[in-house]
Amino acid sequence: MVSGGYWRLLQSSVGISAMHAQVLPNNKVIIFDRTEFGPSNLSLPAGSFCPNKDCTAHSVIYDVASNTFRPLRVLTDTWCSSGSLDPNGTLIQTGGYGDGDHVIRTFTPCDTDACDWCELTATRLVDRRWYATNQVLPDGRVIILGGRRAFTYEFYPKNDFLNNNKSFYLRFLVETRDPEENNLYPFLHLLPDGNLFIFANRKSILFDYKRSIVLKQFPLIPGDDKRNYPSTGSSLMLPLRLSRTGPPVVEVLVCGGAPAGAFLKSDKMKVFVEASRTCGRLRVNDPNPQWLMEFMPMPRVMSDMILLPTGDVIIINGAANGTAGWEDAVNPVLNPVLYSVNEDPVRRFTVLSPSNIPRMYHSVAVLLPDGRILVGGSNPHTTYLFTGMYPTDLSLEAYNPYYLDPTFNSLRPSVLSVESGNTVPYGQRFGVTISLSLYKPGTAFVALISPSFTTHSIGMNQRMVILNTASVVQSTVFSYMLVVDGPTNSNVAPPGYYMLFVVHSGVPSHAVWVKVM
């Protein structure tokens, strides 16, 4: 029986509203807003250079363990931008608005107060990237795709001298643009065959980015609901479960959104139609893939979907009426919903305990290494506005899923060591040693989860790989070694940092960071 979990307020204010967030491999979270909202509620350190005479911060670094934060200085506008971690754990952050729309920024994590944003001056984006999507590729590069009136994609780093100053046209981005757009922040998933699944509006394709060829057009998702910004739904690839018997089943989930015409009604007329109630689930490696449609317990737009260490999905944040955009939604949905991936469809959804803070336009949610969900932001206004029905929110809170209940402590594993050090090699067998007071045979597995870059209901690079378990060996009275096989190759798990969880009887450990290489 799944309980509803519980919420904890972490910070009543971090001084900025969390529009973008990225968990870093040193257990810190970089959070940032846009620079053109006007002054924030957090000052830069005394003596700092003040971009555009604004001496307030528009970015912070949040320390999970100490529940503290410090201001960072970002120079150009990051509004509605995108990002990815590179294989070494540095945030590669791309685009934005105005003076930031061609900018590439980096943030390299550190354990002192010395690290801050760096803006590249010698390398810039070829095209404007505002509402674009990023995905880490098997070779460690990042593809940056789409954006407002940008029907192209490009790569970073730009170390291929033939293609340094090139972007590549993708007709699909033109075909999916309608009078409301509804194709911004396209959903992008790297598949285990090395190709990309791209979804925008209601259409989806299998795309070979190396040859710039559309390999397959998938069926339209049924119904009239649009799924991408501003009719903002959310999407993720369900966990890849590896085995020795063949390639993994690959399924994509798309939930929420808004009906055709909803954005024009909300933005121009302030008529807020009901959001989408449906989720579509597509087994993309079937010979004849077809969407399986399911109904959520409530309508939802602007929600985030997060892969839990258990392999299930949390749907969190958002509104029941309207769309993304300034003042364009009402009726916040305060209850998260658990989507049980392997449950019977009639029992797939479970409504969980509500927050008391609306999280609507420009809010975020990310998975932390301790299994909590960090939630922040919400600012449907063109400036910081602390009055009215849905004021700008500067707080951070944590949603604690059911598995963190102390009643599960006897089933909760602790990771003692990873045999290969903190690296996970492709295709090689290694051991993970855990301590556990009550072991239930056959219920333990090892999962790798990549930390996503989250903004506007899209978790870029979000990925979960469940490793094949070869054997479980008892080491001492209360310790066991799970012998597992590393990811098959870099198509299955691109190189970089992952949170390694051990899940036992549905209860996850605290994660340890490993580098897949």
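Is threonine 433 counted as buried or exposed, and at what relative accessibility?

## Threonine 433

In this predicted model, threonine 433 counts as buried because its relative accessibility is 13%, and buried means under 20%. The residue belongs to strand S36, which covers residues 429-435. Beyond its neighbours within four places in sequence, threonine 433 is in contact with Ser414, Val415, Leu416, Ser417, Tyr480 and Met481.

## A four-stranded sheet

An open sheet is formed by four strands in the order S14-S15-S16-S17, with antiparallel pairing. Strand S14 (187-190) and strand S17 (213-217) are the edge strands, each pairing on one side only. From one strand to the next, the twist averages 25°.

S14 and strand S15 (residues 196-200) run antiparallel and are joined by four bridges. In one of these strands, S15, phenylalanine 199 is the bridge partner of phenylalanine 187.

## Salt bridges

Side chains of opposite charge can pair when their charged atoms come close. The model has a count of 23 salt bridges. One of them links aspartate 178 and lysine 226, at 2.8 Å from N to O. Aspartate 178 lies in the loop between helix H1 (171-175) and S14, and lysine 226 in strand S18 (residues 225-226), so this pair ties together parts that are 48 residues apart in sequence. Aspartate 178 is buried, at 16% relative accessible area, and lysine 226 is also buried, at 12%.

Another salt bridge joins arginine 141 to aspartate 139, with the closest N and O atoms 2.8 Å apart. Arginine 141 is partly exposed, with a relative accessible area of 24%.

Methods. Residues numbered from 1 in each chain as written. Predicted model: local features only at pLDDT ≥ 70, side-chain atom pairs only at ≥ 80, totals over all residues. Heavy atoms only, no water. Pairing = 2+ DSSP bridges. Helix = DSSP H or I, 4+ residues; strand = E, 2+ residues; numbered from the N terminus. Axes fitted to C-alpha atoms, helices over the stretch in contact; angles between N-to-C directions. Buried < 20%, exposed > 50% of the residue type's maximum accessible area, 1.4 Å probe, protein only. Contact = heavy atoms within 4.5 Å. Salt bridge = Lys/Arg side-chain N within 4 Å of Asp/Glu carboxyl O.
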